Amino acid sequence: MAGTVAIRVGGGRNRHTSGKTESAFVRWTLISLALGFLAFFLFLPLILVFTYAFGQGVKTYFAALTEPDALSAIRLTLITAAIAVPLNTVFGVAASWAIAKFEFKGKNILITLIDLPFAISPIIAGLIFVLLFGARGWFGPWLVENDIRIIFATPGIVLATMFVTFPFVARELIPLMQAQGNEEELSALTLGSNGWQMFWRVTLPNIKWGLLYGVILCNARAMGEFGAVSVVSGHIRGLTNTMPLHIEVLYNDYRFTASFAVASLLAFLAFITLIVKSLVEWNVSREHMLAVRESESEQS
Amino acid sequence: MSIEVQSISKTFGKFKALDNISLTVGGGRLTALLGPSGSGKTTLLRIMAGLEYADPGSGKILFHDEDVVNTHVRHRRVGFVFQHYALFRHMTVFNNVAFGLRVKRRSERPSKEDIRNRVHELLGLVQLDGLAARYPHQLSGGQRQRVALARALAVQPKVLLLDEPFGALDAKVRKELRAWLRRLHDDLGITSVFVTHDQDEALEVADEVVVMSQGRIEQVGTPDDVFHHPKTEFVMRFLGEVNTFHGRVDSGRVQFGPLDAPYPHSQQQITGEARVFVRPHDVTIDTKTNGLTAMSAIVKRIHSAGSSVRVEVLTAADQTLVAELSQDRFASMQIETGSTVYIRPRHIRVFA
């Protein structure tokens, strides 16, 4: 994110180095290529999703969204995100705090571990939980004895989602916190604040935009995750299907309109996420610009 | 309030940052910890503050006879000014200075009104009262430094610790701020310790200078003391430019090159191989021998754009020496590059 800001700020300066720009032909070819690619692979599918969704009228569209199975899928997706995102926010902040502000043995291993969910296939992530908590898994017999259901139930879906979305917050915060160092925190301590005051008054305000950005990405993935959730869910209609799984079920049942209707809702959620994300980015760069402008006007 | 450091050691992995350090910082004084990078001066300062812990079981830190080794930094009541100020970047100058007052326990916290008065009083003290609503990034380096100082003073610390307080400033601001800090210290009388690698800064500002090297204290003394009576070769070299000779000490006399001088009686007596040090301003240049023992040399370079004139000469033994003389004396001598001159040290120091 910091990179984006820097590029935008630097843009003003680069305008003067016109000797380096390509010829008009090359520029327009490259731009139309890029736009054509985007149109074909991004906008066209999106438009198709909405076209199919509304293909049999608004009535059918809303019927598809309000049938019990769809409502249950939406509810489960929201519940999953509502549990996974806050927990991952707390874990992410804690992990980045530890990594950025302290020196300890095994720090590199911890960083690698945080990246692990990015590196392995979501299917394997799902399988891990089946192997751990499934009926024949390690903890399976004990769970059955105590009548606790994890796999093919909401807890399993939440666990798999948390695993897959774990890196988003931490990845966003670690570089930011490392760049900021810990001197402000130490200052706060010498001024008599306790750890809690230090965190809420100094650390959190300094990382708030990065944190929000990470949370948004984490949320987007939590709602859209398919692979890992698919393995642990068991596809019980109206019970353990999340929105992505429900879409697949509908599609396999040849109920294309309904399938695309739910897909459009998911796309709509993604759309909102994108808008919020852009707003955050815009806000950060605006704050940065204001800061630069103010300090410049100060000196002149 | 005095600070007493008793046999403190600190190791980072295999690196000994502090090697059994003992030191007493007088109450109400301004003390400089002076040394090159890696000498342990900042580590010592951070241990005094409680930002770093000394090796377990290694010694004590006493604040006015009270052991604070196990006191957490937030209860030590030290004002600490970081090298890069560490101002809270998302807070205005006012809120930065008010921070220490606002985080106090409810029972000790001053009223809003009192906080405002105290902050403005402090901002007046550091001459920044008009800038209370600014953010740190809108301030110059010197202004940030003073905000950091005001913020540290807000909680009425018992000692003030400053890490390279002028390190990040440009030369002119640095000079001004030095003199200002000295005046501020005289007004407040708070026990202060600052770290620096700049000998001029230490000698000019401090009441007492602690010269450090490789985790040890080389010498403690007034600026006059350490400059004029260095106890070790390191102090001699670190506090200013020197010309070095290899020589021999024998029955009360020092021989180096073609020269010979009585052994300086103020120093501890040694015999045998020794190194002889002469500061450039203690070197006399003559155009004639005057019948005294002197070293002949050829002028290589003259640097006269300054308050004094620096003359670099090459001796017959192929050694480059530096002499410093006044503009008046230089004008009366009429030497130029290539002239033959006679060099005579007026004042020498000898270390084994």
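Helices and strands are taken here as DSSP runs, of at least four residues for helices and at least two for strands, numbered from the N terminus. I am working with a predicted model.

**Entry on Asp198(B).** I placed Asp198(B) in the loop between β8 (191-196) and α6 (199-205) of chain B. I then checked its accessibility: the relative value is 16%, and buried means under 20%, so Asp198(B) counts as buried. Its side chain reaches the backbone nitrogen of Asp200(B) at 2.9 Å, and, leaving aside neighbours within four places in sequence, I found Asp198(B) in contact with Leu34(B), Arg174(B) and Arg178(B).

**Entry on α4(B).** I looked up helix α4 of chain B, residues 141-154, whose 14 residues reach 20 Å from first C-alpha to last, close to the 20 Å expected. Because 11 of the 14 residues are buried, α4(B) is largely enclosed by the rest of the structure. The buried residues of α4(B) pack against α10 (183-190) of chain A and against elements of chain B that include α3 (112-125) and α5 (171-188). After the helix comes Gln156(B), for which I noted a positive phi near 45 degrees.

**Entry on the cores.** In the largest nonpolar core, of 55 residues, I found that Leu44(B), Met48(B) and Leu161(B) touch the most other members. Helix α11 (residues 195-224) of chain A gives this core its largest share, nine residues. I also noted a second, separate core of 47 residues, with Tyr85(B), Leu160(B), Leu169(B) and Trp180(B) among them.

Methods. Residues are numbered from 1 along each chain as its sequence is written. Chains are lettered from A and ligands numbered from 1 in the order in which they are written. This is a predicted model: local features need pLDDT of at least 70, side-chain atom pairs count only at pLDDT 80 or more; totals for chains, interfaces and linings use all residues. Side-chain values use heavy atoms; hydrogens and water are left out. The expected span of a helix is 1.5 Å times one less than its number of residues. Buried means under 20% relative accessible area, exposed over 50%, partly exposed in between (1.4 Å probe, protein chains only). Contact means heavy atoms within 4.5 Å. A nonpolar core is a set of buried Ala, Val, Leu, Ile, Met, Phe, Trp, Tyr and Cys residues joined through side-chain atoms within 4.5 Å. A polar contact is a pair of N or O atoms within 3.5 Å; within protein, one must be able to donate a hydrogen and the other to accept it, and residues adjacent in sequence count only if both atoms are side-chain atoms.
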